Amino acid sequence: MMLKKIGRESFSRIYADMESQFPPEELNPEEAFQRLMEEDSGYDVFFAEDISACAGYACCAYDARTGCVLLDYLAVFKNLHSQGCGGRILDAVMARYPHAKALIIETEKEDPSRPDTLRRVNFYRNKGARKLNFGTVLPHASGTVEMDLYALNLRGLGENELEEAVAGALERLYPKIYAHSPHVPEALEAMRSVFAMA
């Protein structure tokens, strides 16, 4: 699997697929992605290509201070689901950031009445991600949504060091990624209080 970094002009195909695969409260407006891609923000959008066909995409944000990468979105195009593409995309993301200390993953809370939530969490667990002792709160246009946090520990950090790095990375990345939302301060405060209790 190869990752090909794309620019604003190619993003509309990805965004159309995102609207069909991600809950609306977890999806940034298209203009927010366009802004992130034109700024030097450390936010990258990749097409994932497998044997010359596009299999899916990944959106990532790198925080140089902590060495953490936030996997903001990862998806396989629906016609290629259940063929192992997601695992290969995730491996390609980790290879793309060879010096990263951790890969941060936000997931919906597990809900047995919504099998997709269990499938997504199990996918990351099977790739070695572990659930952190604190969650996060994503800001969006009309409020916030609680999410669980998982991380792939890529450099053998101790548990406290890993969680501090993740919290620090999100403190710096969220104001950039969610600049369109008036709920960023509220989301960061909620995350800080959950982290303090962990």
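This is a predicted model: local features need pLDDT of at least 70, side-chain atom pairs count only at pLDDT 80 or more; totals for chains, interfaces and linings use all residues.
Two packed helices are described by the angle between their axes and the distance between the axes. In the model, helices α1 and α2 pack at an angle of about 140°, and their axes lie 11 Å apart. Angles over 145 degrees would count as roughly antiparallel and those from 65 to 115 as roughly perpendicular; α1 is therefore oblique to α2. The crossing of the two helices, α1 and α2, is right-handed. On the α1 side the contact is made by F11, S12, Y15 and M18, and on the α2 side by E30, F33, Q34 and M37.

Ten aromatic pairs are present in the structure. One of them joins Y15 and F33 in an edge-to-face arrangement, with 5.9 Å from centre to centre and 65° between the planes. Because Y15 belongs to helix α1 (residues 11–21) and F33 to helix α2 (residues 30–38), this pair ties together parts that are 18 residues apart in sequence. Both Y15 and F33 are buried. Ring pairs also link F11, Y15, F22, F33, Y43 and Y73 into a cluster. Beyond its neighbours within four places in sequence, F33 is in contact with F11, Y15, M18, L27, N28, Y43, C59 and Y73.

The largest nonpolar core comprises 45 residues, of which F11, M18, F33, Y43 and V166 touch the most other members. Helix α5 (residues 159–177) gives the most to this core, contributing nine residues. Another core, of 24 residues, lies apart from it and includes F46, C60, Y124 and Y150. In soluble globular proteins, nonpolar side chains tend to be buried together.

Technical notes. Residues are numbered from 1 along each chain as its sequence is written. Side-chain values use heavy atoms; hydrogens and water are left out. Rings of Phe, Tyr and Trp (its six-membered ring) pair if their centres lie within 6.5 Å; planes under 30 degrees apart count as stacked, over 60 as edge-to-face and the rest as tilted. Helices (H or I, at least four residues) and strands (E, at least two) are DSSP runs, numbered from the N terminus. Buried means under 20% relative accessible area, exposed over 50%, partly exposed in between (1.4 Å probe, protein chains only). A nonpolar core is a set of buried Ala, Val, Leu, Ile, Met, Phe, Trp, Tyr and Cys residues joined through side-chain atoms within 4.5 Å. Contact means heavy atoms within 4.5 Å. Axes are lines fitted to C-alpha atoms, for helices over the stretch in contact, and angles run from 0 to 180 degrees between N-to-C directions. Angles under 35 degrees count as roughly parallel, over 145 as roughly antiparallel, 65 to 115 as roughly perpendicular and the rest as oblique. A crossing is left-handed if the near helix is turned anticlockwise from the far one by less than a right angle, and right-handed if clockwise.
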